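Student: I have a model open and would like to learn how to read its features. Where do we begin?

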Amino acid sequence: MPRKFAAFQAEHPSVRFSLHILDAGLVAERVRSAQADIGVTYSHTAEKDIAVIHAHPAEIVAVMRPGHPLAAFESLHITQLPAYPLALPHGGSALRQVLDMACSLYNITLSPAFTSNQPDAACHYVLTGDAITLCARLTVADQLEAGRLICRPINDTLLNAGQLQFQTHASRPLSDAAHRFLRFIRSDTPQPF
């Protein structure tokens with residue numbers, strides 16, 4: 001998102017952004033309570049009083065360092081992950097809740113060696129050894145592009161049913177700047193995040 005903010009500000013220098021990383025439910029609550037104009041979150045469900053203005057499928061991937069033993073596979077299944085240290089989002093995140101549901105379906109336990117609500121922290125942890133993190137591909141786009149990390153798709157319908165959503169309040173009008181930013185995001189995103 002910071003790249004998107006900077007690109008928009010290049011055209012609209014008076015617009016200011018404030019980024020807060022929160023659990024998905026808290027994102028919707030901030031939008032509902034007018035503490036945020038726009039929320040961006042990974043979600044599987046509809047939220048009361050929240051309008052989804054823009055959405056993309058959120059491909060969940062397993063992220064690891066190049067040379068990791070699982071890098072030899074084209075795709076992975078969640079049942080392959082318990083054998084390795086895991087860096088996972090903390091329990092309140094939407095992704096972690098879906099991961100926990102998937103684990104329940106397969107009767108496995110994912111015991112994280114490291115948890116954080118900061119995706120960058122998980123990536124730095126993964127760079128140090130055989131740990132794996134799971135996240136939306138967009139979250140690690142810079143690391144993947146630079147070749148510092150690699151990712152493998154996770155073959156699981158439940159994990160890949162979520163969306164990256166841009167949310168606003170269903171009945172509260174947006175400012176002109178917020179409308180312009182949402183138009184910019186839609187026009188600047190020809191392919192899924």
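The dialogue below goes through the sheet, its packing, the cores and the aromatic rings.

Tutor: Keep in mind that this is a predicted model. We start with the sheet.

Student: What is the order of the strands in the open sheet?

Tutor: The order is β5-β4-β6-β3-β7, five strands in all, and the pairing is mixed. The edges are taken by β5 (114-116) and β7 (150-153); each has a single partner strand, so one side of each has no neighbour in the sheet. On average, neighbouring strands are turned by 30° against each other, direction ignored.

Student: How many bridges join β3 to β6, and in which sense do these strands run?

Tutor: Four bridges join them, and they run antiparallel. On the β7 side, β3 (residues 60-64) also pairs in the antiparallel sense, over four bridges. Val61 shows both pairings: its bridge partner in β6 is Cys135, and in β7 it is Pro153.

Student: Which helices pack on the sheet?

Tutor: Helix α3 (residues 94-106) packs on it, touching β3, β4 (86-89), β5 and β6 (132-136). The direction of α3 makes about 120° with that of β4. Helix α4 (residues 119-126) also packs on the sheet and touches β3, β4, β5 and β6. For α4, the angle is about 155° with the direction of β5.

Student: Which way do the side chains of β3 point?

Tutor: The general idea is that side chains in a regular strand alternate between the two faces of the sheet. In β3, Ile60, Ala62 and Met64 point one way, while Val61 and Val63 point the other way. Five of the five residues of β3 are buried.

Student: In the largest nonpolar core, which residues touch the most other members?

Tutor: They are Met64, Ile78, Leu81, Leu99 and Leu110, out of 28 residues in that core. At least two residues come from each of β3, β4, α3 and β6. The most come from α3, which gives six.

Student: What is Met64 in contact with, leaving aside neighbours within four places in sequence?

Tutor: Its contacts include Leu70, Ala71, Leu76, Val126, Ala131, Ile132 and Leu149. Ile150 and Arg152 are also in contact with Met64.

Student: Now the aromatic rings. How many aromatic pairs does the structure hold?

Tutor: It holds eight. A pair of rings is described by two quantities, the distance of the centres and the angle of the planes. For Phe5 and Phe181 the centres are 5.9 Å apart and the planes make 45°, and the pair is tilted.

Student: Where in the chain do Phe5 and Phe181 lie?

Tutor: Phe5 is in helix α1 (residues 2-11) and Phe181 is in helix α6 (residues 176-187). They are 176 residues apart, and the pair links distant parts of the chain. Both Phe5 and Phe181 are buried. Together with Phe8, Phe17 and Phe184 they form one aromatic cluster.

Terms used:
Residues numbered from 1 in each chain as written. Predicted model: local features only at pLDDT ≥ 70, side-chain atom pairs only at ≥ 80, totals over all residues. Heavy atoms only, no water. Pairing = 2+ DSSP bridges. Axes fitted to C-alpha atoms, helices over the stretch in contact; angles between N-to-C directions. Contact = heavy atoms within 4.5 Å. Core = buried A, V, L, I, M, F, W, Y, C linked by side-chain atoms within 4.5 Å. Buried < 20%, exposed > 50% of the residue type's maximum accessible area, 1.4 Å probe, protein only. Phe/Tyr/Trp six-rings, centres within 6.5 Å; stacked < 30°, edge-to-face > 60°.
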